[in-house]
Amino acid sequence: MLYVIGIGPGSQSMMTLEAIEAIRDADIIVGYKTYTHLVKALTTDKEVIKTGMCKEIERCQEALNLAVQGKKVALISSGDAGIYGMAGLILELVTKQKLDVEVKLIAGVTASTAAASLLGAPLMHDFCHISLSDLLTPWPVIEQRVIAAAQADFVICFYNPRSRGRADHLARAFDLMRPYTAASTPVGVVKAAGRKKQEKWLTTFGEMDFENVDMTSLVIVGNKTTYCQDGLMITPRGYVL
């Protein structure tokens with residue numbers, strides 16, 4: 001049995017009961033070292049296999065190998081495993097290698113909804129997720145998606161917005177959006193949602209400061225109807241009030 005688990009943004013209080021039960025049921029926990037640390041209170045009596053960044057294929061293959069041997073394995077991802085997590089890679093490996101192994105996918109709270117709940121209600125109308133990491137997606141493809149989303153007036157949730165190796169990606173995305181996005185458009189940022197160093201702030205598209213944004217941040221850019229009031233970011237659903 002292989003559980004593929006989304007552990008949510010960080011705190012155990014934001015994990016689903018199903019995720020907690022699956023971790024408790026597993027014999028072995030496999031995950032990126034930061035994520036295994038986030039669930040250490042649940043894994044004190046278990047074997048824990050940690051890997052570093054850019055070891056996703058190796059991590060998934062090891063989890064599958066153990067599951068094929070009859071072990072109960074929990075492969076953990078932050079947020080939801082099916083949103084920029086390990087669920088897709090696991091299913092690709094299972095189908096390509098024709099493995100006879102039971103896989104159970106367990107949903108988690110993804111960064112966009114966790115951040116939205118802290119900012120107000122910015123996702124009440126159509127929205128999209130765009131990752132600004134070009135490790136697996138060519139930057140020209142990302143550019144096309146950013147422009148299309150801005151033209152269509154989606155609320156945009158930017159994952160992986162900025163890192164040391166790609167410090168200018170969020171600024172470049174904003175430059176692409178500028179012809180379609182007013183300077184007064186609200187922008188919300190949540191950093192390390194659900195973790196001890198959680199931060200959040202509201203700004204505008206025109207006044208956005210990129211320097212405090214990092215890979216633990218989720219950036220939400222509103223649409224033409226989004227507004228801020230009393231410290232809350234709100235995108236109307238369309239009800240007549």
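The chat below goes through the fold of a predicted model.

User: What should I know before reading the numbers?
Analyst: In this predicted model local features need pLDDT of at least 70 and side-chain atom pairs count only at pLDDT 80 or more, while totals for chains, interfaces and linings use all residues. Residues are numbered from 1 along each chain as its sequence is written, and side-chain values use heavy atoms, with hydrogens and water left out.

User: How many helices and strands does the chain have?
Analyst: The chain has seven helices and 13 strands, taken as DSSP runs numbered from the N terminus (helices are H or I, at least four residues; strands are E, at least two).

User: And why call it as compact as a globular protein of that length?
Analyst: Its radius of gyration is 19 Å, close to the 18 Å that the globule rule gives for 241 residues, so the chain is as compact as a globular protein of that length; the radius is taken over C-alpha atoms, and the rule is 2.2 Å times the number of residues to the power 0.38.

User: What share of residues is buried?
Analyst: Of the 241 residues, 46% count as buried, meaning under 20% relative accessible area with a 1.4 Å probe, protein chains only.

User: Switching topic, what is the strand order in the open sheet of three strands?
Analyst: The order is 6-13-12, with mixed pairing, where two strands pair if DSSP finds at least two bridges between them. Strand 6 (120-121) and strand 12 (227-229) are the edge strands, each pairing on one side only.

User: Which way do strands 6 and 13 run, parallel or antiparallel?
Analyst: They run parallel, and two bridges join strand 6 to strand 13 (residues 232-234); Gly120 stands opposite Met233 in strand 13.

Notes: Buried < 20%, exposed > 50% of the residue type's maximum accessible area, 1.4 Å probe, protein only.
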